[in-house]
Amino acid sequence: GPISEMAYAMGLGSPVMDDFPGEKTGNITTMQQAKGAGIGNFAIGQGEILVTPLQIAQMTGIIANGGVLKKLNILKGSVDEEGTKVISKETAEVIQEMMALTVEKGTGSGMDTCVKSAVKTGSAESVMNGNKVIHGWITGYVPADDPEYIITVFIENGRSGRGSAAPVFSAIADYLHESGMFEYEASI
């Protein structure tokens, strides 16, 4: 269906990097698994769907780039190619606005960073050593108004993205800025 088609277009269900050792493919919910209430779980990222931090970083990059998929680089580098259009610029702009509002008023509010960021926080239920655990997630980009870096943080058994992963995101964003990796002037 449309949800699984978009998930595949965003790069979920397949490796992101050509030569990243040990990268997993994750799992996209099948149509059989999505029947009934399963479609709701799939739509919000629960149930049988499994994703990797690299896939989440790539999806965040598509949003930051106005709907265009560009090759993901782990090390500092530049991407000159046009990329592949995955979602409309208008859809990307709506999501960008929501991600910026997450920092201003939502689950990312109170982030201690000197750089205006756009983020999505989350938690992921899993099982480790036979025990149910909740991992903490955050993904986003900096600066929010002119994205240069995608930051995705996954904390095993972190309970929540806001509590465990957001401080790490903030530290990375501040480090990139203080190291001169990008210029940013806060609006008054």
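Mentor: Not counting residues up to four places away in sequence, S4 touches I28, M31 and F42, where contact means heavy atoms within 4.5 Å. S4 belongs to helix α1, which covers residues 2–9. Helices here are DSSP runs of H or I with at least four residues, strands are runs of E with at least two, and both are numbered from the N terminus. The relative accessible area of S4 is 11%, so S4 is buried; buried means under 20%, exposed over 50%, and partly exposed in between, with a 1.4 Å probe and protein chains only.

This is a predicted model, in which local features need pLDDT of at least 70 and side-chain atom pairs count only at pLDDT 80 or more, whereas totals for chains, interfaces and linings use all residues. Residues are numbered from 1 along each chain as its sequence is written, and side-chain values use heavy atoms, with hydrogens and water left out.

Of the 188 residues, 38% are buried. The radius of gyration is 17 Å, which agrees with the value near 16 Å that a compact globule of 188 residues would have; this radius is taken over C-alpha atoms, and the globule rule is 2.2 Å times the number of residues to the power 0.38. Along the principal axes, the C-alpha atoms fill a box of roughly 50 × 40 × 35 Å. The accessible surface is about 11,100 Å², and carbon and sulfur atoms account for 53% of that area. Such areas come from the Shrake-Rupley method with a 1.4 Å probe, and for residues only the protein chains shown count as cover. Of the contacts between residues at least 6 apart in sequence, 49% join residues at least 24 apart.

Helix α3 (residues 53–64) packs against helix α4 (residues 89–104) at an angle of about 110°, and their axes are 8 Å apart. Axes are lines fitted to C-alpha atoms, for helices over the stretch in contact, and angles run from 0 to 180 degrees between N-to-C directions. The angle makes α3 roughly perpendicular to α4: that label covers 65 to 115 degrees, while angles under 35 count as roughly parallel, over 145 as roughly antiparallel, and the rest as oblique. On the α3 side the contact is made by T60, I63 and A64, and on the α4 side by A92, I95, Q96 and M99. These residues comprise five nonpolar, two polar and no charged, where Ala, Val, Leu, Ile, Met, Phe, Trp, Tyr, Cys and Pro count as nonpolar, Asp, Glu, Lys and Arg as charged, and the others, Gly among them, as polar.

T60 and M99 are also among the contacts of G140, together with A118, V119, Y149, I150, I151 and F169, leaving aside neighbours of G140 within four places in sequence. G140 lies in strand β4, and with a relative accessible area of 0% G140 is buried. From G140 to T121, 19 residues away in sequence, the C-alpha distance is 8.6 Å.

V68 sits in strand β1 (residues 68–69) and, at 14% relative accessibility, counts as buried. Apart from neighbours within four places in sequence, V68 is in contact with G61, I62, E82, G83, T84 and K85. V68 and A165 are 97 residues apart along the chain, with their C-alpha atoms separated by 26 Å.

Several backbone features concern the loops. Most residues other than glycine have a negative phi, and most peptide bonds are trans. The peptide bond from V142 to P143, however, is cis, with omega near -20°, and P143 is in the loop between β4 (131–142) and β5 (149–155). N129, in the loop between β3 (118–128) and β4, has a positive phi near 55° and is exposed at 79% relative accessible area. N157, in the loop between β5 and α5 (161–178), likewise has a positive phi, near 55°, but is partly exposed at 43%.

Finally, P167 is located in helix α5 and is partly exposed at 45% relative accessibility.
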